[in-house]
Amino acid sequence: MSAPAIKGPWQQPEIDRFLSRADYPLRLACNAEDGCPRVVSLWYLYRQSQLLCVTHRESQIARLLRRDPRVGFEVSPNEPPYHGVRGQGLAELEPLDDESTLESLLQHYLGSSDNTLGQWLLSRSEEELLISVTPSRMFSWDYRERMADAIEA
């Protein structure tokens with residue numbers, strides 16, 4: 001796997017650190033049959049330079065990715081000061097063979113799988129797919145310094 005092209009103020013180590021620690025959902029864009037892009041928000045983990053998500057095997061996003069694996073993505077907060085990473089890449093779908101990725105997602109976003117949502121998701125894990133996004137390009141932006149005095153007001 002070749003390293004993605006990087007643009008913006010952050011180098012690869014800063015991008016890796018941000019994507020590994022951020023608890024914002026991944027906004028994943030894919031191409032629909034009608035030519036219009038579709039964007040969904042998914043929980044993700046960043047592991048070995050890939051963005052990993054889980055979705056139901058019959059979901060709309062799974063159907064679209066089977067047809068066209070090219071994707072765009074963004075991870076950033078909704079509130080200022082704005083900063084984050086966006087890019088393009090290819091998505092690969094495969095069965096979720098073990099629950100550890102789903103368990104890790106639940107831990108990261110909910111703090112535990114010991115809740116109604118976590119137990120429900122784990123109960124249907126055999127119906128889930130792993131989405132692995134391999135970035136080909138990544139763009140970072142960071143307006144925290146530029147926006148510092150505008151937010152404090």
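The model is predicted: local features require pLDDT of at least 70 and side-chain atom pairs pLDDT 80 or more, while totals for chains, interfaces and linings use all residues. Residues are numbered from 1 along each chain as its sequence is written, and side-chain values use heavy atoms, with hydrogens and water left out.

**Exercise 1.** Determine which residues of helix α2 are buried, and what covers them.

Solution. Step 1: take helices (H or I, at least four residues) and strands (E, at least two) as DSSP runs, numbered from the N terminus. Step 2: apply the burial classes, namely buried under 20% relative accessible area, exposed over 50% and partly exposed in between, with a 1.4 Å probe and protein chains only. In α2, spanning residues 60-67, the buried residues are Ile61, Ala62, Leu64 and Leu65. Step 3: view the helix down its axis; the buried residues of α2 fall within an arc of 165 degrees, so they line one face of the helix. The arc is taken from the directions from the helix axis to the C-beta atoms. In general, an α-helix has 3.6 residues a turn, so residues three or four places apart point the same way. Step 4: list the cover by contact (heavy atoms within 4.5 Å). The cover of these buried residues includes β2 (26-31), β3 (37-42), β5 (50-56), β6 (70-75), β7 (83-95) and β8 (128-142).

**Exercise 2.** Identify the residues that touch the most other members of the largest nonpolar core.

Solution. Step 1: define such a core as buried Ala, Val, Leu, Ile, Met, Phe, Trp, Tyr and Cys residues joined through side-chain atoms within 4.5 Å. Step 2: among the 36 residues of the largest core, Leu19, Leu28 and Tyr44 touch the most other members. Step 3: leaving aside neighbours within four places in sequence, Leu19 contacts Tyr44, Tyr46, Leu51, Val75, Val85 and Met138.

**Exercise 3.** Trace the salt bridges of Glu74.

Solution. Step 2: Glu74 pairs with Arg27 at 3.1 Å, N to O. Arg27 lies in strand β2 and Glu74 in strand β6, so this pair ties together parts 47 residues apart in sequence. Step 3: Glu74 also pairs with Arg86, the closest N and O atoms being 3.2 Å apart. Arg86 lies in strand β7, so its pairing with Glu74 in β6 joins parts twelve residues apart in sequence.

Methods. Salt bridge = Lys/Arg side-chain N within 4 Å of Asp/Glu carboxyl O.
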